[in-house]
Structures are given as C-alpha cells and as structure tokens.
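Trainee: I would like to go through the labels on this model and ask what each one rests on. Where do we start?

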Amino acid sequence: MVTALFAGLLASCGGKQADNCAENYGINYSETSTVSKENKYVLIISGSPRRGGNTDLLCDAFARGAEEAGGRVEKIFLPDYRVDYFTEADEQRVGDRANEAADDVPMLVDKMVRADVIVLASPVYYMNITGQLKTFIDRTFGRYREMKDKEFFYLTACADPAESTADWAINAFRGFVMCLPNPTERGMVKAVGMGRKGAVKGSPYEEQAYNLGLRI
Ligand SMILES: Cc1cc2nc3c(=O)[nH]c(=O)nc-3n(C[C@H](O)[C@H](O)[C@H](O)COP(=O)(O)O)c2cc1C
C-alpha cells in the first residue's frame with residue numbers, strides 16, 4: 001500500500017520524478033525567494049556521518065553560494081552534536097519545555113525556528129535518509145508548529161545512478177516539511193552515482209549546489 005502511494009505520487013508528477021512536485025505533498029513551490037529580507041539566516045543541516053563526504057560537500061558548495069548571495073549561513077554537521085532518540089516523555093515537551101532536554105536538540109531546534117531558509121541534507125541509506133537526521137527530525141516534535149513560513153532546499157547523494165533512488169530521500173524530507181505550517185520548497189540537488197567518498201568534488205552536482213545557494 002505504501003509502495004502504491006509513492007508510485008501514485010510519482011506518477012502524478014508526469015514521470016518527472018520528485019523535482020517539481022512539492023504541491024502533491026501540500027508544500028508550496030517557488031523558484032524565487034518568498035522571504036523579503038536581506039541577510040537571510042540560512043541553516044544547513046548536514047546529516048551524513050561522513051565529514052567531507054558527498055552530502056557534506058554539497059552542503060559546503062551550497063553555503064558558498066548562499067554566502068555570496070548575502071545570506072548569514074550556518075552549517076550544522078549533525079554528528080558533532082548529541083541527539084538522543086525521541087521518547088514518550090518528549091511528547092509532553094512542547095514549546096519552551098523542549099529546553100528541559102539534556103542534549104543539544106533544543107539549541108538546534110531553536111535555530112530551525114529562527115531560520116529563514118533550511119537546507120536538509122542526507123545521503124540515501126537503504127532508500128531513506130540517515131538515522132542521524134531522522135532521529136533529529138523526530139525530536140523537533142515539541143516545536144515543529146513554530147517552523148512557519150520557512151523555505152527549504154534539499155541535498156542528497158547516493159551510489160545508485162538512478163534518480164528514483166535519490167527520490168526516496170526527497171520523499172523523506174518532504175514527509176517532515178509537509179507537516180510544518182506553510183512551507184515553501186525552493187530546489188534540490190540529487191547527486192546520483194556518487195558512492196565513493198569525495199566523488200561529488202568537481203562534479204556537476206557540486207556546481208548545482210553552489211548555484212542553488214546563490215538563489216536564496
Ligand atoms: C548504510 C548505508 C546504506 C546505503 N544505502 C544506499 C541505498 O539504498 N542506495 C544507494 O544508492 N546508495 C546507498 N548507500 C551509498 C551512499 O548513499 C553513498 O555512498 C553516498 O555518497 C554517501 O554519502 P556521504 O558521502 O554524504 O555519506 C548506502 C551507504 C551506506 C553506508
């Protein structure tokens with residue numbers, strides 16, 4: 001049934017895969033920025049355990065572009081932080097009570113609430129995003145409703161050359177983003193056929209990520 005749902009979503013995109021299908025998830029899509037602000041706060045969440053790996057390189061390229069475009073850019077390399085699993089007790093932690101948690105999550109979630117632009121980045125792991133990023137996303141539960149009117153970019157890498165494999169990560173990002181109030185998707189990079197660490201370096205995908213950053 002789940003497979004049928006994904007197949008339906010992709011099919012309704014006219015076979016063009018996930019690129020321009022945000023609206024099928026109830027997510028706005030805009031080529032241009034909807035944030036009329038100089039010095040946008042751009043938060044990049046780099047969700048691979050491989051520092052300097054393909055996803056991380058895409059994040060750095062995006063950051064270069066976004067900085068050139070005047071953004072105030074901050075990259076979070078997620079494995080540098082303590083992110084505990086979501087627990088039943090976290091369901092009771094809403095709003096400021098999220099700050100009672102003992103790990104780095106309240107501080108990181110606060111950055112998401114303050115950001116204008118959020119970049120979600122993860123390699124494909126078993127047709128999904130990494131456990132690190134998913135664990136963090138689950139922990140936003142106490143404050144996800146405060147992440148209003150944010151713009152999102154997605155970055156992903158995978159070994160498989162098929163774009164449909166990268167779409168599994170895009171679908172995972174969208175599963176979170178579609179739950180937020182009034183999100184807007186701005187673009188994505190799907191670096192396919194990138195298995196080896198550092199393969200993205202000098203590839204067209206690195207340039208795509210840089211160009212995407214310029215568009216904030
Ligand atoms: C645990 C694990 C699961 C993976 N699963 C997939 C997969 O399902 N499909 C795929 O194409 N590549 C898969 N890969 C390969 C990675 O997506 C690929 O090497 C990617 O470039 C890693 O990005 P990174 O350098 O940012 O960590 C997997 C790698 C690991 C370590």
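Mentor: With the element names: helices are DSSP runs of H or I with at least four residues, strands are runs of E with at least two, and both are numbered from the N terminus. Arg51 lies in the loop between E2 and H2. Keep in mind that this is a predicted model.

Trainee: Why does Arg51 count as partly exposed?

Mentor: Its relative accessibility is 49%. Buried means under 20% and exposed means over 50%, with partly exposed in between, so at 49% Arg51 is partly exposed.

Trainee: What makes the pair Arg51 and Asp80 a polar contact?

Mentor: Their side chains are joined at 2.6 Å, and the limit for the N or O pair is 3.5 Å. The two residues are 29 apart along the chain, with C-alpha atoms separated by 9.7 Å. Leaving aside neighbours within four places in sequence, Arg51 is also in contact with Asp56, Phe77 and Lys197.

Trainee: Ser48 lies in that loop between E2 and H2 too. Is Ser48 buried or exposed?

Mentor: Buried, because its relative accessible area is 5% and the cut-off is under 20%. A polar atom of the Ser48 side chain lies 2.9 Å from the backbone nitrogen of Arg50. Beyond four places in sequence, the contacts of Ser48 include Thr55, Phe77, Pro79 and Thr130.

Trainee: How do you know that H2 is largely enclosed by the rest of the structure?

Mentor: By the count: eleven of its 15 residues are buried, so the helix is largely enclosed. Among the buried ones are Asn54, Leu57, Leu58, Cys59, Phe62 and Ala66. The elements that cover them include E2, E3, E4, E5, E6 and H6.

Trainee: What length is expected for H2, and what does the model give?

Mentor: The 15 residues, at 1.5 Å a residue, are expected to span 21 Å, and the distance from the first C-alpha to the last is 21 Å. After H2 comes Gly70, with a positive phi near 95 degrees.

Trainee: How do you know that the span of H5 agrees with its number of residues?

Mentor: The expected span is 1.5 Å times one less than the number of residues. For the 15 residues of H5 that comes to 21 Å, and its end C-alpha atoms are 21 Å apart, which agrees. Buried residues in H5 include Thr165, Asp167, Ile170, Phe173, Phe176 and Val177.

Trainee: Which residues touch the most other members of the largest nonpolar core?

Mentor: Ile45, Phe62, Leu120, Phe136, Tyr154 and Leu155, out of 59 residues in that core. H2 gives the most to this core, with seven residues. Leu120, beyond its neighbours within four places, is in contact with Ile45, Tyr154, Leu155 and Phe173, among others. As background, nonpolar side chains in soluble globular proteins tend to be buried together.

Trainee: Why is Glu206 called buried?

Mentor: Its relative accessible area is 10%, and under 20% is buried. Glu206 sits in H6. Its side chain makes a polar contact of 3.2 Å with the side chain of Lys201, which is inside the 3.5 Å limit. Outside four places in sequence, Glu206 is in contact with Leu58, Ala61, Arg64, Val200 and Lys201.

Trainee: What is the mean pLDDT of the chain?

Mentor: The mean is 90, and 87% of the residues reach 70 or more. Over residues 1-12 the pLDDT is below 50, although this stretch has eight contacts in the model beyond near neighbours in sequence. Where pLDDT is low, predicted coordinates should not be read in detail.

Key. Residues numbered from 1 in each chain as written. Predicted model: local features only at pLDDT ≥ 70, side-chain atom pairs only at ≥ 80, totals over all residues. Heavy atoms only, no water. Buried < 20%, exposed > 50% of the residue type's maximum accessible area, 1.4 Å probe, protein only. Polar contact = N/O pair within 3.5 Å; in protein donor to acceptor, adjacent residues only side chain to side chain. Contact = heavy atoms within 4.5 Å. Core = buried A, V, L, I, M, F, W, Y, C linked by side-chain atoms within 4.5 Å. pLDDT = per-residue confidence, 0-100.
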